[in-house]
Amino acid sequence: MADTFGTEGSREELIEATIKQYANLIFRLAYTNLKNHHDAEDVLQDVSVALVRGNPPFDDEKYLKNWIVTVTLNKCRDVYRSAWRNRTEPLEDYLALQAPETQAVMEELWQLPENYRNIIYLYYYEGFTIPEIAEILGKSPNTIGSGLQRARKKLKKVLTEGGKAYG
């Protein structure tokens, strides 16, 4: 079985190589959405299980990356909606485990609504194009383009005025 890494290998080797290649992407995207290190680790584990149980498109790296991002965002939504999460308080509220400048940037990004936050993150941090983001999020490229423009304006407001991005 040929894989996206240019070598022959078993399904297990493909899954292991895929997890190694995309673990940072999955974790960062989950952390950006959930604002919690441990929840992001759980999502990474859930996406890894989905790779094992599912039928991801290993033969096409572009679609594989899109599949991984889509599954990651769906797992984040599942965690966010869970009753357990709504009854707990994250430890990050009490411990600063990140560098102060990284934490400051993330806090500013977290002020954006989820749809804008994901567009900004995928565009600037992961290098996806507008059509790719549209395909991942199931929206039209025009919607993503205008969302990116609005997200930039809201983020500019947060950065320059120190205000909230809502409104």
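A crossing of two helices is termed left-handed if the near helix is turned anticlockwise from the far one by less than a right angle, and right-handed if clockwise. The model examined here is predicted, with local features requiring pLDDT of at least 70 and side-chain atom pairs counted only at pLDDT 80 or more, whereas totals for chains, interfaces and linings use all residues. Residues are numbered from 1 along each chain as its sequence is written, and side-chain values use heavy atoms, with hydrogens and water left out.

The crossing of helix 2 and helix 3 is right-handed, helices being DSSP runs (H or I, at least four residues) numbered from the N terminus. Helix 2 (residues 37-53) packs against helix 3 (residues 61-81) at an angle of about 130°, the axes lying 9 Å apart, where axes are lines fitted to C-alpha atoms over the stretch in contact and angles run from 0 to 180 degrees between N-to-C directions. Contact (heavy atoms within 4.5 Å) involves Asp39, Val43, Asp46, Val47, Ala50 and Leu51 of helix 2, together with Trp67, Ile68, Val71, Thr72, Lys75, Cys76 and Val79 of helix 3.

Helix 1 and helix 3 likewise form a right-handed crossing, with an angle of about 40° and axes 10 Å apart.

The largest nonpolar core comprises 38 residues, of which Val43, Val69 and Leu122 have the most contacts inside it; such a core is a set of buried (under 20% relative accessible area, 1.4 Å probe, protein chains only) Ala, Val, Leu, Ile, Met, Phe, Trp, Tyr and Cys residues joined through side-chain atoms within 4.5 Å. Helix 1 supplies the largest share of this core, 9 residues.

Note on methods. Helix = DSSP H or I, 4+ residues; strand = E, 2+ residues; numbered from the N terminus. Buried < 20%, exposed > 50% of the residue type's maximum accessible area, 1.4 Å probe, protein only.
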